[in-house]
Structure formats: C-alpha cells, structure tokens
Amino acid sequence: MAETTGLRTKVYRSEDGTAFTLIGQLANVKPPSKERQMTEVEELDPPGDVPKKLAGLLNVGDVTLTLNLDPENQGHLALDEDVDSGEARTFRIVLPVGYGWTFRAIVSNFDPQEIGPNDVVQAQVTLSVVEKPQFGPIVEG
C-alpha cells in the first residue's frame, strides 16, 4: 500500500452487517486505535532490575466523525437515531487505496458544533467501538 492522503476516504454504516450505506459529507475521520493494557508485577528483586509485565486487556479507542451536517442526508439522520436506540452497528472506514477498518460500534454521541456566521454547520459523532476492529482490504458498498 502506497502513501496516500485522506481525500476520498469513505465511511459506511450497516444495521445488519451485510448491506452498507454511505455516510456522506465527511469533513474528518479519526479511525479506531488499539492499545494493550499492561500489568506490572511488583517484585523486590526482579531480574536485571526490570519489572516483569503481563499483557492485559486490549483497549480499542473511539472513532470520531466530523460531518458537514445535512438534515436531508439519510446517513446523518440514521446516526442521530442510533444514539437513541443504543444498538451496535457495523461500520467500515475505507481509505482511497481500498484498505480500511471494519468494526462494530454504538453511536454514543451526536454533537452539533458551534455555529457562526462563516462556519459550515457540522456535527461531531462518536462511535464507541465494542469489538476488535479488523484492518485489511475492503470492497466498497
């Protein structure tokens, strides 16, 4: 995979994990992250004076979408409704090179941003990831 810009990155949403709908008019996307928790074993005389560590749980970070809000965009309306339902949905973030992330998440926040006279009306949406994200090739749609 060659270097690329974020131009033409797309996000899709699915209620059933099979039929995906494009969420259009994205300004920014923060993909999921992964971080392994570590537990340090306390010991008064560790070998080499280096504490022993054990692998713990895998934390997956939230995904953040910034939308150029369109009240007629069905994807935007669905995300707003997802906050109310609390149901986990399947999402795909597809990079322009055909790779990306597939993950399940609950839409935990739909936050319209401050509106000024020269601002694009936007909303920030938080997707709280509930399963380990998968990264790899993705066929769009």
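**Figure 1. Overall dimensions of the predicted chain.** The protein chain has a radius of gyration of 19 Å, whereas a compact globule of 141 residues would have one near 14 Å. That radius is taken over C-alpha atoms, and the globule rule is 2.2 Å times the number of residues to the power 0.38. Along its principal axes, the C-alpha trace spans about 65 × 35 × 30 Å. This is a predicted model: local features need pLDDT of at least 70, side-chain atom pairs count only at pLDDT 80 or more, and totals for chains, interfaces and linings use all residues. Residues are numbered from 1 along each chain as its sequence is written, and side-chain values use heavy atoms, leaving out hydrogens and water.

**Figure 2. Secondary structure and contacts.** The protein chain has 1 helix and 10 strands. Helices (H or I, at least four residues) and strands (E, at least two) are DSSP runs, numbered from the N terminus. Their order along the sequence is β-β-β-β-β-β-α-β-β-β-β. Among contacts (heavy atoms within 4.5 Å) with a separation of 6 or more, 64% join residues 24 or more positions apart.

**Figure 3. A nonpolar surface patch.** Val97, Tyr99 and Phe135 form the patch, with about 250 Å² of accessible area together. Areas come from the Shrake-Rupley method with a 1.4 Å probe; for residues, only the protein chains shown count as cover. Patch residues have over 30% relative accessible area and no salt bridge; like charges are joined within 9 Å, nonpolar side chains (Val, Leu, Ile, Met, Phe, Trp, Tyr) within 5 Å. A salt bridge puts a side-chain nitrogen of Lys or Arg within 4 Å of a carboxyl oxygen of Asp or Glu.

**Figure 4. The setting of Val97.** Val97 lies in the loop between strand E7 (88-94) and strand E8 (99-112). Val97 counts as partly exposed because its relative accessibility is 34%. Buried means under 20% relative accessible area, exposed over 50%, partly exposed in between (1.4 Å probe, protein chains only).
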